[in-house]
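Subject: Handover of a structure and notes on it

Dear colleague,

Please find the structure below.

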Amino acid sequence: MPTTPSSQNPSESPETQGAEDTMTEEKVPFHKRKAAKVDRLAELMGDRSDGGHGAGIWREAFARMRRSPMAITGAIIVAVFLLVALFSPLIAPYSPTSQAWGSEVFPNRNEFVGPRAENWLGLDHLGRDMFSRMVIGARQTLMVGVVATLVGFLFGALLGGVAGACSVLGGRWGRQVDNAIMRVIDMMLALPALLLAVTVAALIGPSLTTVMIAVGVAQIPIFARLLRGAMISQGNREYVLAAQAMGVRNHKIALTHILPNSMGPVIVQSTLTLATAIIDAAALSYLGLGNPNANFPEWGTMLSEAQRFLSSAPSLAVYPALGIIITALGFTLLGESLREALDPKLRK
Amino acid sequence: MLRFIVRRLLQLIPTLGGLSILLFVWLQRLPGGPEYALLPDDATAEQRAMLRRSLGLDEPVMVQYLAFLRRIVQGDLGTSLQTGRPVLDEFFLRFPATFELAVTAMLIAVTIGLPLGYLAARRRGTALDFAAVGGSLLGICTPVFFLAFILKVVFAERLGLFPSAFRLSPGISRTDITGFVVLDGMMTREWDVVWDAVAHLALPGLALASIPLAVITRMTRASVLEVMGEDYVRTANAKGLHRGTVRTRHVLRNALLPVVTAVGLLAGSLFAGAVLTESVFAFPGIGSFVYIATQERDYPVLTGFILLIATMYVLINLLVDISYSLLDPRVRAQ
């Protein structure tokens with residue numbers, strides 16, 4: 001019976017764990033290797049939490065991030081995006097759906113209106129104010145990203161948490177439950193994420209909800225893997241043994257002792273997933289699985305709508321595309337620098 | 001080695017089995033059931049009932065699933081609602097085009113990404129390093145279909161350097177042997193066909209390469225940096241080995257192992273990424289057909305193609321695992 005890399009780890013001492021990990025990484029099948037990479041992050045962060053230098057792991061990481069230009073750039077981008085998204089109704093000068101200037105734009109004659117004093121980013125193909133659509137679109141895009149990430153996070157954490165808790169505390173029976181859950185997770189991991197999202201989206205029909213669910217579902221296996229790995233590496237620690245010796249009930253150990261100490265890698269991944277979710281949502285919109293109501297301003301939908309006019313009015317596509325790219329870049333920079341700040345191996 | 005391969009092949013069964021259940025449930029859940037997809041909208045209730053019976057849809061779900069599974073195993077994935085031809089035939093008709101595209105993308109990604117990542121690691125902190133890291137972050141964050149559109153508008157429509165659609169220019173004659181245009185052209189020495197096909201592959205290949213290129217660059221850089229800090233590299237340098245020897249035999253050889261794995265994972269996902277690229281360039285491969293199938297709600301094609309793409313993804317990664325064990329003596333010794 002093949003075992004997954006991290007299910008072997010509970011028996012290993014922390015010293016041999018690193019070496020064992022690189023070795024297993026080369027022997028295990030591919031989807032497990034993808035998994036092993038995720039698990040490594042989980043373990044690295046787990047190992048840090050008992051540093052005992054007084055300052056907490058998070059505090060240390062934030063101190064490191066304050067000096068990193070990557071992290072600062074990411075944080076600024078994300079902050080601006082969040083501010084625009086949250087206060088968009090106050091910022092947007094016009095209604096995003098009103099075709100107030102409809103008589104000035106003729107897509108079939110290639111007549112578009114570029115930036116001008118009253119419309120900062122010009123008009124779209126139906127004579128709607130592009131700036132207002134971008135600003136309101138930021139809010140929708142944020143919602144898509146957040147909901148998709150939440151779907152992946154909640155279901156992934158639920159599956160991974162149950163698997164991890166069962167494996168650590170459930171004895172032989174628990175390890176079987178863990179094994180069964182991980183089989184399902186590995187199956188999901190064996191599919192390319194975009195294909196998984198397309199499958200789910202085609203299953204429930206095109207809508208914005210579809211996009212959020214589909215993109216979220218594709219992230220479930222990653223979150224599940226991460227949390228399970230972190231929980232298993234926490235499971236060997238003395239405080240768990242102490243709690244068990246004191247007669248604390250298993251579910252309480254899992255929920256109040258192990259889980260809070262295992263959330264680090266999951267939080268890092270959430271930041272990165274926000275970026276992926278926004279990009280994947282745009283791809284699903286482009287495939288026609290997104291919101292069928294194109295009135296609704298959302299960057300992915302706007303981008304796929306604007307492709308038709310790319311040769312005559314490229315700015316219609318460039319604005320939402322830039323919005324997506326810059327926002328995704330912001331979340332990626334933030335997530336990557338957070339991961340680097342927390343990874344002792346990359347710290348030099 | 002043989003046992004390893006057999007065991008890995010056996011591990012495919014639960015994965016594909018689970019996927020078949022997923023696809024079966026999907027077909028069951030279609031609005032109104034499959035008979036609505038097959039019959040015209042104005043069909044009577046009796047016609048629907050008859051079709052249900054003839055398709056075995058009045059049987060218990062378990063029986064239906066087993067029948068579905070039996071058809072799949074026999075290679076019967078149903079017929080396309082658009083063309084009326086078997087799904088399997090449609091797949092293999094389009095496979096060579098996508099394969100050529102994927103190989104082009106991978107070649108671009110590896111030939112640029114490996115040296116770039118290596119140089120970025122060697123000159124850490126320089127402008128080159130900064131550009132490589134920034135560029136690869138940008139590559140990951142750019143929606144592939146947008147990049148494809150930009151490439152098409154700029155290089156095909158505005159500058160006219162490359163053709164903007166299809167596999168070959170209209171009117172060019174070629175001898176078909178294998179379905180692989182470039183390969184056939186080389187075999188029959190029709191160099192004009194080869195040139196034309198390569199020109200058609202350039203832009204979609206570049207668009208499809210964007211994500212693998214970014215990932216390979218970043219992975220190579222990280223991996224080389226890690227290996228350069230290893231004790232054995234310092235030892236090799238200290239005992240006076242030639243710099244080139246240390247770089248190739250010690251650093252590169254060890255640094256490339258994780259990159260090989262990444263290449264495998266990426267190669268599998270290229271077939272999924274092709275959906276986005278091919279549709280932009282009207283490239284007649286698997287991806288554009290899936291795109292049309294999503295628009296037309298051609299469910300047999302969607303389920304069949306997803307099953308086949310997933311199978312290929314898994315098989316490609318099996319090949320990577322095998323090649324990996326050939327590359328790394330530590331795995332071989334086991």
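Helix H7 (residues 130–169) and helix H10 (residues 208–235) of chain A pack at an angle of about 30 degrees, and their axes are 5 Å apart. Helices here are DSSP runs (H or I, at least four residues; strands are E, at least two), numbered from the N terminus. The axes are lines fitted to C-alpha atoms over the stretch in contact, and angles run from 0 to 180 degrees between N-to-C directions. The crossing of H7(A) and H10(A) is right-handed, that is, the near helix is turned clockwise from the far one by less than a right angle. In the contact of H7(A) with H10(A) there are 26 nonpolar, 10 polar and two charged residues. Ala, Val, Leu, Ile, Met, Phe, Trp, Tyr, Cys and Pro count as nonpolar, Asp, Glu, Lys and Arg as charged, and the others, Gly among them, as polar.

This is a predicted model, in which local features need pLDDT of at least 70 and side-chain atom pairs count only at pLDDT 80 or more, while totals for chains, interfaces and linings use all residues. Residues are numbered from 1 along each chain as its sequence is written, and chains are lettered from A and ligands numbered from 1 in the order in which they are written.

Confidence in chain A is as follows. Its average pLDDT (the predictor's confidence in each residue, from 0 to 100) is 80, and 84% of the residues score at least 70. Over residues 1–27 of chain A, pLDDT stays under 50.

The two chains meet. In total, 37 residues of chain A are in contact with 45 residues of chain B, where contact requires C-beta atoms, placed from the backbone, within 7 Å. H15(A) gives the most to the side of chain A that touches chain B, with eight residues. That side divides into 27 nonpolar, five polar and five charged residues.

The largest nonpolar core has 185 residues. Such a core is a set of buried Ala, Val, Leu, Ile, Met, Phe, Trp, Tyr and Cys residues joined through C-beta atoms within 7 Å. A residue is buried if 20 or more other C-beta atoms lie within 10 Å of its own, exposed if 12 or fewer, and partly exposed in between, with C-beta atoms placed from the backbone. H7(A) supplies the largest share of this core, 18 residues. Ala214(A), one of the residues with the most contacts inside the core, touches Ala197(A), Val200(A), Ala201(A) and Leu284(A), not counting residues up to four places away in sequence. By contrast, helix H11 (residues 238–245) of chain A lies largely in the open, because zero of its eight residues are buried.

Chain B has 14 helices and zero strands. Buried residues make up 40% of its 334 residues.

Two residues of chain B deserve a look. Most residues other than glycine have a negative phi. Phe166(B), however, has a positive phi of about 70 degrees; it sits in the loop between helix H7 (144–158) and H8 of chain B. Phe166(B) is partly exposed, because 13 other C-beta atoms lie within 10 Å. Arg189(B) also has a positive phi, near 60 degrees, and lies in the loop between H8 and helix H9 (191–228) of chain B. With 9 other C-beta atoms within 10 Å, Arg189(B) is exposed.

Yours sincerely

Methods
Two residues are in contact if their C-beta atoms, placed from the backbone, lie within 7 Å.
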